Amino acid sequence: MRVVDLIASLFRDLKVRDIMGVIGGSIMPLYDALYHHREHFRILMFRHEQGAVHAADSYARVKGTPGVVLTTSGPGATNIITGLTNAYMDSSPVLAITGQVSTNVLGRDAFQEADIFGIAAPVTKFVYQVRDPEEAVPAIELAYRISMKGRPGPTLIDLPRDVQVAHPSGMRELPVDLSKYEPPLPDEGKLREACRVLMEAERPVILVGGGVRISGAHEEVLKIAELLRAPIVTTLTGKGSVPSTHPLVLGVVGMHGRPEADAALANADVILALGTRFSDRTVGSFEEVSKKKIIHIDIDESELGKNVRTQIAIASDLRLALRKMLSLIEERRDERYLEWLMMIRREFERAMEEWSRSFNGMAPWKILKSIRRAMPPDSITVTGVGSHQMWAELHWDVLMPRTFITSAGLGTMGFGIPAALGAKAAAGERGVVCIDGDGSFQMTFNNLALVREYGLPFIEAIFDNRALMLVKHWQKFLYGGRVIATEFRGSPDLSKIAEAYDIEYFRPESYEEIERKVDWAVRNDEPLILDLLIDSEQDIVLPWVQPGKWLTEAILPPRMEVSLRW
C-alpha cells in the first residue's frame with residue numbers, strides 16, 4: 001500500500017472530515033488517494049492557498065479539532081505562511097501538509113522547490129520533512145496531536161513526491177517526547193497565595209485572554225468574578241471567551257478598548273491575568289502595567305514574565321487551576337469600584353448616542369447593533385482587519401462563548417471571507433456573519449466562489465468607506481493629517497461582484513433595512529453581501545490609546561467628559 005493510501009486511512013481514523021487546499025503537481029498523489037475515499041472527506045478547493053489556511057484556522061476555533069490543509073510545493077507552500085503565522089499568533093491548531101519535489105532533486109533548485117522547512121520553522125510548533133517513507137504516517141499523526149497539545153498551534157509536514165508513492169514495509173516512530181507539550185500541574189502553594197492576594201485587594205480585575213476560550217474555562221472565570229465582585233476585561237482574542245451580557249464583563253481593553261474596561265485595568269491594584277500574552281495593543285505601556293500586582297496563569301510557561309513583571313506566575317491549564325481556586329476563594333462584597341466603572345459605561349453610551357446623530361448616514365456601531373439583533377445567539381461572527389474590526393471589538397455583543405473569531409495577533413487583512421467559510425464548514429446549520437471592510441474584502445473575495453460550490457452561505461457585511469480606514473486614522477492623528485496611499489480612487493461595483501458569485505446584494509439606507517435583510521438571510525440560510533456606505537471622514541474609531549501611551553490617556557468620543565483615573 002502506498003504512503004498516501006495509508007495517510008487517507010489515518011485521516012479516517014482521526015475523524016478528519018473537511019480538508020482545505022489547492023491541488024498541484026507535488027501533492028497530487030495524496031489528492032488521488034483521497035479520491036478513493038471521497039465518501040469520507042469533503043475537499044474544499046480554495047482559490048488561493050492563504051484562504052485555505054485562514055479557513056482551517058477558523059474551522060479549528062469552531063470545531064475544537066485541527067483544521068487540515070493540503071497544498072503543493074514552491075508557491076503553493078509559501079502562500080500558506082501568512083495563514084500559519086496568523087494561526088501561530090492566535091494559538092489555533094492547524095495541520096498543514098505540503099507537497100515537495102522528489103528527494104533525488106532536493107537542493108538542486110528543481111521546478112517549484114522551496115525550503116518550506118526553513119521558512120515555516122519560526123511560525124509553527126512542529127515542522128518535519130519526511131525523507132523515509134516509513135516515517136510519513138507517524139510524522140503526520142504526531143503533527144496532528146502536537147497541534148492540540150498544551151498551547152495549540154500550527155504544525156507542518158513536508159512530503160516529497162517520491163515518498164508519497166512509496167510502499168513502506170513498516171512504520172518508524174519519530175523520537176519526539178510528547179510530554180514536553182503537556183502543561184505542568186498548578187503549584188498549589190501559589191494558588192493559595194493568589195487567592196489570598198485577590199481577597200485582600202481593593203480593586204481586583206480579571207483580564208481574560210484567548211486561553212480561556214481554548215481551555216473552555218468561561219464558567220469558572222464567571223464564578224470567580226462573582227465571588228470577588230471583580231470586573232472582567234478581555235483581550236481581543238479573549239472577547240470570544242465570556243458573554244458580553246454578563247454584568248461583570250466590561251469588554252475589550254487596550255488601544256481601542258472600551259473606556260470602562262481601560263479604566264478598570266488602569267486603576268486596578270491586583271490583576272488576575274488568564275491565558276494572555278500581555279500584548280502591547282492590550283496594555284499600551286508595559287512599564288505602567290508592571291506596577292500592578294499581577295497574578296498570571298498560562299498554559300505556556302514562556303509567556304510568564306515575558307512582557308510584564310508578575311508577582312505570582314503559575315504554569316497550568318486554566319480550567320484546572322481555576323477549579324482549584326474556586327475551592328479557596330471566599331466572597332467579597334465591596335462594589336464601589338464597580339459602581340464607578342458602570343458610571344463610565346453609562347457616560348460612554350450616552351456620548352456615542354449623541355455622536356451618532358452628527359453622522360452623515362449610518363454610524364458604524366449602530367450598524368453592528370442592527371446586525372446583532374437579527375443574528376441568533378449561537379451564530380458565529382468573524383471579522384476582517386481594519387476599522388470595522390475595532391468597531392466590532394467595541395460594540396459587538398458576544399452572547400455565547402466561542403462565537404467570535406478575529407485575526408488579533410497578526411492583524412491579517414483578508415482574513416474575514418475565508419474565516420467565514422471555515423466557520424460555516426464547521427458550524428453546519430448555525431448562522432455565520434463576517435464583519436468586513438472594503439480593503440480587507442478585496443484581498444480574498446475570490447474565495448466567494450466556494451459559497452455556492454460547497455453550500456457555505458454566510459452574510460458578508462462590508463463597511464464601504466473607500467479607504468484603508470484604520471491606517472488613515474493614524475495618518476490623521478500621528479502624521480499631521482497627511483493622507484497618502486490609504487484612499488481608493490475608485491471602488492469596485494460590489495453588486496457586480498455579488499452577481500458574479502450568485503450572491504444576493506443589498507445596499508441598505510437605514511438600520512431597520514439592515515435588520516430586515518439580515519433576518520431574511522438567516523431564516524432562509526442564504527448568502528448575502530451588505531454594502532454599508534460609511535463616511536470615511538467621520539469613521540474615526542474612538543476611544544483610542546496612542547501607541548506606547550497608558551490606558552488612562554485614551555482619546556475619548558466627542559462630548560464624553562469623564563476621567564479614567566480613580
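A residue counts as buried when its relative accessible area is under 20%. By that cut-off, aspartate 464 in this predicted model is buried, because its relative accessibility is 6%. Its salt-bridge partner is arginine 466, with the closest N and O atoms 3.4 Å apart. Arginine 466, at 33%, is partly exposed.

Arginine 172 comes from the loop between helix H8 (161-164) and helix H9 (188-200), and aspartate 132 from the loop between strand S5 (126-129) and helix H7 (136-146), so the contact ties together parts 40 residues apart in sequence. Both ends are partly exposed, arginine 172 at 38% relative accessibility and aspartate 132 at 23%.

Another bridge joins aspartate 300 and arginine 151, with 2.8 Å between the closest N and O atoms. Here the parts tied together are 149 residues apart in sequence, since aspartate 300 lies in the loop between strand S11 (293-298) and strand S12 (312-315) while arginine 151 lies in the loop between H7 and strand S6 (155-160). Arginine 151 is partly exposed, at 22%. Through shared partners, salt bridges connect Arg151 and Asp300 with Glu303 and Lys306 in one network.

Turning from charge to nonpolar surface, Phe477, Leu478 and Tyr479 make a patch of about 270 Å². Tyrosine 479 is found in the loop between helix H22 (469-478) and helix H23 (494-500), and with a relative accessible area of 46% tyrosine 479 is partly exposed.

Conventions
Residues are numbered from 1 along each chain as its sequence is written. This is a predicted model: local features need pLDDT of at least 70, side-chain atom pairs count only at pLDDT 80 or more; totals for chains, interfaces and linings use all residues. Side-chain values use heavy atoms; hydrogens and water are left out. Patches are made of residues with over 30% relative accessible area and no salt bridge: like charges are joined within 9 Å, nonpolar side chains (Val, Leu, Ile, Met, Phe, Trp, Tyr) within 5 Å. Accessible areas come from the Shrake-Rupley method with a 1.4 Å probe; for residues, only the protein chains shown count as cover. A salt bridge is a side-chain nitrogen of Lys or Arg within 4 Å of a carboxyl oxygen of Asp or Glu. Helices (H or I, at least four residues) and strands (E, at least two) are DSSP runs, numbered from the N terminus. Buried means under 20% relative accessible area, exposed over 50%, partly exposed in between (1.4 Å probe, protein chains only).
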